[in-house]
Amino acid sequence: QDVESVAPEVRASALAILATEDSLAGKVEPALRQYEQSIELWRRVVREHPLDPQYGRALALALYRYATHLARTGDDWRSIDSMKEGRGVFESVIPQIADDPNVLKEYALLLFELANSQYRAGNRDEARQIYESSLAAYYQ
């Protein structure tokens, strides 16, 4: 089957899986490209289906995974930017899917990683505030 004929959300999910496998195997550049392709596809899906919060959630998770990969490679500044975008996406969809017990945990993990990246970047006060927000979200 032609790759382009596969639904973009399926392609985005597949790319995210491949990127995670490559990231864990230490294949930095292929993982970066696959994460970036996955994020672009999720952005497209969110634009085409703005009323479906699950697509926003998927985009936020893709941004989170990309950011954790960047952090592992020492690129804290791009990691911070990606997690901040993911945070904004999560915050826009949480009110619509708050009944899912996992969504706040996912959001809390993103905040925790954002706090770690901020700390490594020398932004101690901001890191502490974000860390406290991550605990509040996790135990909510």
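Colleague: Why is Ser38 called buried?

Modeller: Ser38 has 0% relative accessibility, and buried means under 20% relative accessible area (exposed is over 50%, partly exposed in between, with a 1.4 Å probe and protein chains only), so Ser38 counts as buried. Bear in mind that this is a predicted model, where local features need pLDDT of at least 70, side-chain atom pairs count only at pLDDT 80 or more, and totals for chains, interfaces and linings use all residues. Residues are numbered from 1 along each chain as its sequence is written, and side-chain values use heavy atoms, leaving out hydrogens and water.

Colleague: Where is Ser38 found, and which residues is Ser38 in contact with?

Modeller: Ser38 is in helix α2, residues 28-48 (helices are DSSP runs of H or I, at least four residues, numbered from the N terminus). Setting aside neighbours within four places in sequence, its contacts are Ala12, Leu15, Ala16 and Ala62, contact meaning heavy atoms within 4.5 Å.

Colleague: Thanks! How do you know whether Ser134 is buried or exposed?

Modeller: Ser134, in helix α6, has 3% relative accessibility, so Ser134 counts as buried. Beyond residues up to four places away in sequence, Ser134 touches Ala108, Leu111 and Phe112.

Colleague: And what makes Phe112 partly exposed?

Modeller: Phe112 belongs to helix α5, residues 101-120. Its relative accessibility is 34%, so Phe112 counts as partly exposed.

Colleague: Which residues make the nonpolar surface patch?

Modeller: Phe112, Tyr131, Leu135, Tyr138 and Tyr139 make this patch of about 500 Å². Helix α6, residues 124-138, gives the largest share, 3 residues. Patch residues have over 30% relative accessible area and no salt bridge; nonpolar side chains (Val, Leu, Ile, Met, Phe, Trp, Tyr) are joined within 5 Å, like charges within 9 Å. A salt bridge is a side-chain nitrogen of Lys or Arg within 4 Å of a carboxyl oxygen of Asp or Glu. Accessible areas come from the Shrake-Rupley method with a 1.4 Å probe, and for residues only the protein chains shown count as cover.

Terms used:
Helices (H or I, at least four residues) and strands (E, at least two) are DSSP runs, numbered from the N terminus.
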